[in-house]
Number of protein chains: 4
Amino acid sequence: MVIVMAPEATQDDVDAIVELVGTAGGEAFVSRGVSRTIIGLVGDIEQFSSLNLGGMRGVADVMRVSTPYKLVSRDNHPERSTVWVGGVPIGPGYMTLIAGPCAVETPEQTLKAARMAKAAGASLLRGGAFKPRTSPYAFQGLGEQGLQILAEVRAETGLPVVTEVVDAHDVELVASYADMLQVGTRNAQNFALLQAVGAAGKPVLLKRGMSSTIEEWLMAAEYIAQRGNLDIVLCERGIRTFEKATRNTLDVSAVPVAQRLSHLPVVIDPSHSGGRRDLVLPLTRAAIAAGADGVIVDVHPNPEQALVDGPQALVEEDVAELARVVREFPPLLGRTLTPALEAAERAGEAAESAPVA
Amino acid sequence: MVIVMAPEATQDDVDAIVELVGTAGGEAFVSRGVSRTIIGLVGDIEQFSSLNLGGMRGVADVMRVSTPYKLVSRDNHPERSTVWVGGVPIGPGYMTLIAGPCAVETPEQTLKAARMAKAAGASLLRGGAFKPRTSPYAFQGLGEQGLQILAEVRAETGLPVVTEVVDAHDVELVASYADMLQVGTRNAQNFALLQAVGAAGKPVLLKRGMSSTIEEWLMAAEYIAQRGNLDIVLCERGIRTFEKATRNTLDVSAVPVAQRLSHLPVVIDPSHSGGRRDLVLPLTRAAIAAGADGVIVDVHPNPEQALVDGPQALVEEDVAELARVVREFPPLLGRTLTPALEAAERAGEAAESAPVA
Amino acid sequence: MVIVMAPEATQDDVDAIVELVGTAGGEAFVSRGVSRTIIGLVGDIEQFSSLNLGGMRGVADVMRVSTPYKLVSRDNHPERSTVWVGGVPIGPGYMTLIAGPCAVETPEQTLKAARMAKAAGASLLRGGAFKPRTSPYAFQGLGEQGLQILAEVRAETGLPVVTEVVDAHDVELVASYADMLQVGTRNAQNFALLQAVGAAGKPVLLKRGMSSTIEEWLMAAEYIAQRGNLDIVLCERGIRTFEKATRNTLDVSAVPVAQRLSHLPVVIDPSHSGGRRDLVLPLTRAAIAAGADGVIVDVHPNPEQALVDGPQALVEEDVAELARVVREFPPLLGRTLTPALEAAERAGEAAESAPVA
Amino acid sequence: MVIVMAPEATQDDVDAIVELVGTAGGEAFVSRGVSRTIIGLVGDIEQFSSLNLGGMRGVADVMRVSTPYKLVSRDNHPERSTVWVGGVPIGPGYMTLIAGPCAVETPEQTLKAARMAKAAGASLLRGGAFKPRTSPYAFQGLGEQGLQILAEVRAETGLPVVTEVVDAHDVELVASYADMLQVGTRNAQNFALLQAVGAAGKPVLLKRGMSSTIEEWLMAAEYIAQRGNLDIVLCERGIRTFEKATRNTLDVSAVPVAQRLSHLPVVIDPSHSGGRRDLVLPLTRAAIAAGADGVIVDVHPNPEQALVDGPQALVEEDVAELARVVREFPPLLGRTLTPALEAAERAGEAAESAPVA
């Protein structure tokens, strides 16, 4: 931690800080410049934070040097992590495709979408039963009925299920069906929810808040980690900017930046980033090329009838090209497409995550 | 709703849309331009939304014309509303000052801050017992103990209490103590929470999400309204931009814009907008001058020891100037400062909102 | 300047920096923390910048402590400045209204607009002869003919003229007519233009770039100042954000922030900030209340026929309220409305700035 | 063009618009909805723009339907264009690497950097002789001396030269040396400069403004095109957002979006986007994978001594990996790396672009 004094700060102001830091068990190093004095602090940063140094007389600025997150930081865990979801890995060496419908609507639609996903090379199935919608008048998802459909489709296809939870008090219910819990962009700072998924004993797909800095995103992950759950996959899904041609602006740089700051896997959602079907394949290629550990894509057998986000879903005729992209690009980065489990292999896992009747 | 067809759209594409709209009980008006065809839709917009017109062949763009919010819209309710909080009005003709500590820390600190607030002209007391914090290692508030302190200070000073709730399942508890429930910026799209406060029977102070458009902010209010609660006060508290000199950028234009789109009162939080004590008074003046129905300000008897947001709290020596500002500016806009209730007047109200033991 | 070393930096890396700083005539103070080492630099910051310390091995971050601007900084010039434009002051104690048409179209329109401006309380006339337009197919201004119209209207009304220059090589021409040169938001980092107006010997109204930080805005002012011209007035005119309800987002906090960092006067343009006529008066009030030294407003006798930005111009029926606002609000801030010069008083000045035929 | 009437608009208001549009030679189609009336306009959009329809009584909104750019639009020119620079193509089927030092400092540094560029697979040399710098105290480039160095290095290596011009009145000078003129991000709306490069008879590399929408970027290209120059290459170089971990946020979606809206080639600058050396290779891969027609990269033989942007330049040890990336990725997209011309082939071209002594 570094304290920058104001030009008008007095010797007494400086002395007061040095003394306070000493009382808190730290050491202060004073450097006097031509117009300003700077004080470097060595010791326990958490303790310094509680001193409210920024409020002391003569202080112009307090700069934090160490990162504010610990458990998810790569500083303390240099090797990148692999997260396992129902037997399927996400992490270095792999490129994992997660695909499925934005929202679960019917058993038929979900099964068809899951088969499209598998044909494209997906090893995990995505699908929303609880949907956070900007308008209270829009379709909010099927709820538990949707979770049951997902469980049936998992049994049929062998694909473990990633699904969103939007309220801390639904976590237990959703976790009883899902293989991985998704926290959406609008809940990126819903700390009650983050803590609840941290305690749920299932891996978590944590979307970046649409206006979260990378640091705030990692702080959200730290909330989950602090409850004892380090099986977290970070998901970049576009940030809010002034540009209007795309729904959000995919921050593809977030992949290498987050991978350098944190040991957690990082995936990209090209569907919600652009909000346009014609951008999904170019952004999928860009994501893989940037080094993403995975990609999560909306597919729909009949997007004209989709209740949610139809305009951005890939359709049947896109499947072959998606399959080509996820197979051909990863080897150039020393990765291979994560294979889907056979339904048989999957059986044991699936049984475990089925709700106890 | 207006549909813009792509240049390459065929007559069949247009016919398909006209037919579909007819099936849904609407009417379509086709206008052919030199390079494009435009279709205007008349009828029930919600029903059209479910048609997924944007996904049909030949469609380049779908433009929504009517506003997506109804209950909070001024279109259907031209007169601006007044919201009453424990006997204190917020709305046209008034300028209501809400003040208090960012976080409740001790009974003494809270009482002192409440007295500063009253001296400055406040008629409502703010104070956080549940604090949403970016870091899991930061002080998270005193919880119910903080609510008890607020209730005691209310009894002492007569100031009704505004306090934040951060989880849908705390709403009942917080509502049992508070006169007004605050929903914070990080929960601006926590729809479970919005619905819960909508059902709680207490007025709500709804902060704008730091990356919410004004339309999304009004949609969040619509979530609350849809549960039968129209006692909503909108609070602008700064949005996220590229500028780094201030914590957020106060969008002062949001006051006249939101007042024109919605009948709800609009207040400004100059403390969290700037994140700097030296900006609180200038931004308070700007807020009142822009036509805000109120201002919500952090005050602290001893900000060097504040556990949360100390650097932005006004201190004892600022009280006189704040008092001058909130008295002298409103009359230039045809408003008067809302007077504080006497503790005696307040008695009946306070009893009602005390928790049933 | 403070250097933060990476956790893996070696003693040799640190020694190399200390030595390099010494060679450059500075001193380095090394502080070792638990996980990182920090080096404070004392000496000539410009010289350190040229060392490219950020590129040295082991360096994680280089933080600048002093401000990068000197001549416009308040550090070295604590008293706030007053800039005189054709005999009219802009600065502390005053609130100066600048008004007129966005673009000069005809002598009649310009004269009518100038009379509206004067009736509202303006002491300076704005009007564009050279217009920077996003589309090459839009009206680009009347050029020198527009400047002549402005000079005639100045002779008629006594109002000194503020007008934009868009190319370095027009500066001499524009300066031969104008009392104050305006640099627009799209040219906020057109350094050739900034240097040219710095050498022109006329006061400058420097608009903030729509995506400039306050620091970058002050750096642009420093470019002008460095050519020997300190008669600079800073003008906040809205920044680019995600919000779409207004053309730009007025950053009203920029007034107190810039006034604290720089000694230069700061004015606000409420017309271009919002891009909507109904926002001009509320934003004018907010600007004055925030402490702006002036306001620059579009007025038009017949905005339905305006060739540029008609929808944001105030009209005849707004003049009385604008006049009330600029008279009644400044006294609450210890300011008075700058009075217009009489045409007679103005005569000498006008003669000087007329082009040499 | 579509006009949305306000709810309170009268029949007279609608009639007035229909009549006005008719006078201007267009046709108006009126559609009446439950709460609003919509008027579709067919005819010459430029003429409608001059009517200032947004200012008419009863009008709530005017939506433009056709694109405001014509010459660079893909609507009127469906086939994507190839731009030739000194005999080197940029366009579909190719992936062209442009590389070199950010700033020309010495003949040796420039030649070494050009050799690194060529070793990496570059067919064009970048290098700045005129540098737009935020600070007036920073190195501003060598000017014409820098251009001479570039010409010498071109003669030595056979690489045609791309270099920036920052002032309209330097265009002739720079064009006498350069094979391609670069317009930088800070000049994206310097219309005098755009028009001057449009008239210079050399291909142009047009960087996107750091806060330009894609539409504004294409409008800037239209300014150049309107002067008769369609040899324009668009360059995405990162936009300004709230994220602070990278200097700018690379908008990789801009590649497919701009390629769909315009026939012009689109390249990416991964060096200035991230501002960090460790991001250049991941962003280069992402750019190619997204379908960019080229990439422009900073390389420097000794970045610790670079006078400008050293921390983002690739170094000797990165060359092999850059060479691998630009060779291996393009074939997956049906492209091949554009080969460098032999110095001999280049001779004729180089002679032509040499300044007439």
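Which residues does Gln182(D) touch, not counting those up to four places away in sequence? In this predicted model, the list runs to Val162(D), Thr163(D), Glu164(D) and Val165(D), together with Leu205(D), Lys207(D) and Ile296(D). Gln182(D) itself sits in strand S10 of chain D, which covers residues 180-183. With a relative accessible area of 5%, Gln182(D) is buried, since anything under 20% counts that way. Leu194(D) comes 12 residues away from Gln182(D) along the chain, and the C-alpha atoms of the two are separated by 10 Å.

Gln109(B) belongs to helix H3 of chain B, made up of residues 107-120. Is Gln109(B) buried or exposed? Its relative accessibility comes out at 6%, so Gln109(B) counts as buried. Once its neighbours within four places in sequence are set aside, Gln109(B) is in contact with Pro101(B), Ala103(B) and Val104(B), and also with His300(B) and Pro301(B).

Next come the helices and how they pack. Two packed helices are described by the angle between their axes and the distance between the axes. In chain D, helix H3 (residues 107-120) and helix H4 (residues 144-157) have axes that come within 10 Å and cross at roughly 40°. H3(D) and H4(D) are therefore oblique to each other, and their crossing is right-handed. On the H3(D) side, the contact is made by Pro107(D), Thr110(D), Leu111(D), Ala114(D), Arg115(D) and Lys118(D). H4(D) brings Ile149(D), Leu150(D), Val153(D), Glu156(D) and Thr157(D) to the contact.

From H6(C), the residues involved are Phe191(C), Leu194(C), Gln195(C), Val197(C) and Gly198(C). What they meet in H7(C) is a set made up of Ala220(C), Tyr223(C) and Ile224(C). How many charged residues does the contact of H6(C) with H7(C) hold? There are no charged residues in it, with 6 nonpolar and 2 polar making up the contact.

That leaves the way the chains relate to one another. Chain D can be superposed on chain C by a rotation of 180° with 0.0 Å of shift along the axis, at an RMSD of 0.1 Å. This is the relation of a two-fold axis. Within chain D, Ser211(D) has the C-alpha nearest that axis, 3.0 Å from it. Of the interface residues of chain D, 100% are also interface residues in chain C, so the copies meet through the same surface.

Notes:
Residues numbered from 1 in each chain as written. Chains lettered and ligands numbered in written order. Predicted model: local features only at pLDDT ≥ 70, side-chain atom pairs only at ≥ 80, totals over all residues. Heavy atoms only, no water. Least-squares fit on C-alpha atoms with pLDDT ≥ 70 in both. Contact = heavy atoms within 4.5 Å. Helix = DSSP H or I, 4+ residues; strand = E, 2+ residues; numbered from the N terminus. Nonpolar A, V, L, I, M, F, W, Y, C, P; charged D, E, K, R; others polar. Buried < 20%, exposed > 50% of the residue type's maximum accessible area, 1.4 Å probe, protein only. Axes fitted to C-alpha atoms, helices over the stretch in contact; angles between N-to-C directions. Parallel < 35°, antiparallel > 145°, perpendicular 65-115°, else oblique. Left-handed = near helix turned anticlockwise from the far one by under 90°.
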